[in-house]
Amino acid sequence: MPRTSVITGAASGIGKATKELLEHRGERVIGADIHDADVVVDLSTAEGRGALVEEASRLSGGSLDAIYAVAGLAVPAPATVAVNYFGTVATLEGLRPLLAGAKAPRAVLVSSMAALMSSDGELVALLAEGDETAAMARAEVLAKEPTTTGQLIYASTKLALSRWVRRQAASAAWAGAGIPLNAVAPGIIATPMTAELIATPEGRESLLGVVPMPLNGIAEPIVVARLLAWLNSEENTHLCGQVVYVDGGSDVVLRGDSVW
Ligand SMILES: NC(=O)c1ccc[n+]([C@@H]2O[C@H](COP(=O)([O-])OP(=O)(O)OC[C@H]3O[C@@H](n4cnc5c(N)ncnc54)[C@H](O)[C@@H]3O)[C@@H](O)[C@H]2O)c1
């Protein structure tokens, strides 16, 4: 039996590349996105998150092998909080019951090397508490200055997601149920999300100044897709709560020895 997965953000960039890779390997993918997908839902809303679970359950016949929570936004606005953090957590928690009967259940989310950038402590704390109303209100305040505090929103969501994975992965719900739960943290990937930023040599140089990628530079989405596919494959039996940087070296350049 081919494996069946749900991928959010399947209409574009990393999610699309992952869907194509898995389908090329003969696996079945239920793609979810706000447009051009098997399941068209808005993951910034409670209704959309509920509809994702309902539709994925219907289309899969009630059983999934893997979940890929990839959908994300990088705008300096509250919507980024709703999609990146609460949409991702709702995807993983909402679809987790569908993994119950699988032989090799797996789950992965997409964080970012941006988790290493400046973030807003208050927003990160509200995300850890799971208080969406207060987190959205805080993001509203940060968004008033789009080029300064607004820039902290994306990094805050990705930092909170990296922590969420580490806090959840060893719990009864995930490791205890035999489900490896992990994350990837990409560096700069050439997708519609970054297209404008990297359209010119000056833009690329300036971004690489902040996100150094000494190993092979800016990557194509297939690079991340291959790692996601392996993390959610049967071969991965023991990675638990890891945030794997697929970033051409930005993590080692920026953090050096500080993590050990
Ligand atoms: N591109 C990069 O450099 C980079 C780096 C690190 C992390 N990431 C992360 O990778 C993931 C994929 O990003 P990408 O680069 O492929 O970008 P992308 O813009 O090509 O794809 C993101 C997808 O998410 C979908 N999405 C956005 N809001 C949604 C909503 N409300 N409901 C449902 N779907 C929604 C979009 O429609 C889109 O198809 C994101 O989580 C992003 O934060 C990207």
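**A buried arginine and the fold around it**

At 9% relative accessibility, R3 counts as buried, where buried means under 20% relative accessible area, exposed over 50%, and partly exposed in between (1.4 Å probe, protein chains only). The model is predicted: local features need pLDDT of at least 70, side-chain atom pairs count only at pLDDT 80 or more, and totals for chains, interfaces and linings use all residues. Residues are numbered from 1 along each chain as its sequence is written, and side-chain values use heavy atoms, with hydrogens and water left out.

R3 sits in the segment that precedes β1 (4-8). Leaving out residues up to four places away in sequence, R3 touches E27, R28, D65, A66, A104, R106, N232, S233 and E234; contact here means heavy atoms within 4.5 Å. Between R3 and A173 there are 170 residues in sequence and 21 Å in space, C-alpha to C-alpha.

The protein chain as a whole has 9 helices and 7 strands. These elements are DSSP runs numbered from the N terminus, helices being H or I of at least four residues and strands E of at least two. The chain's radius of gyration is 17 Å, close to the 18 Å that the globule rule gives for 260 residues, so the chain is as compact as a globular protein of that length. That radius is taken over C-alpha atoms, and the rule is 2.2 Å times the number of residues to the power 0.38. The C-alpha trace spans about 50 × 40 × 40 Å along its principal axes.

Of the 260 residues, 50% count as buried. Among contacts between residues at least 6 apart in sequence, 74% join residues at least 24 apart. The accessible surface comes to about 11,800 Å², and 55% of it belongs to carbon and sulfur atoms; the areas come from the Shrake-Rupley method with a 1.4 Å probe, and for residues only the protein chains shown count as cover.

The interior can be described through its nonpolar cores, each a set of buried Ala, Val, Leu, Ile, Met, Phe, Trp, Tyr and Cys residues joined through side-chain atoms within 4.5 Å. The largest has 41 residues, and L92 and W164 have the most contacts inside it. Helix α3 (residues 78-95) supplies the largest share of this core, 6 residues. Apart from it lies another core of 22 residues, among them Y68, V70, V184 and L231. Beyond its neighbours up to four places away in sequence, L92 touches I67, A69, A107, V108, L109, W164, W174 and L181.

M113 belongs to the loop between β5 (106-110) and α4 (121-129). With 4% relative accessibility, M113 counts as buried. Its contacts, neighbours within four places in sequence aside, are A185, P186, G187, V211, Y245, S250 and L254. M113 and S162 are 49 residues apart in sequence and 9.9 Å apart in space, C-alpha to C-alpha.

Two other loop residues have positive phi. D36, in the loop between β2 (28-33) and β3 (39-40), has a phi of about 45° although it is not a glycine. D36 counts as exposed, at 66% relative accessibility. N216, in the loop between α7 (201-210) and α8 (221-231), has a phi near 70°, again a positive value in a residue other than glycine. N216 is exposed too, with a relative accessible area of 70%.
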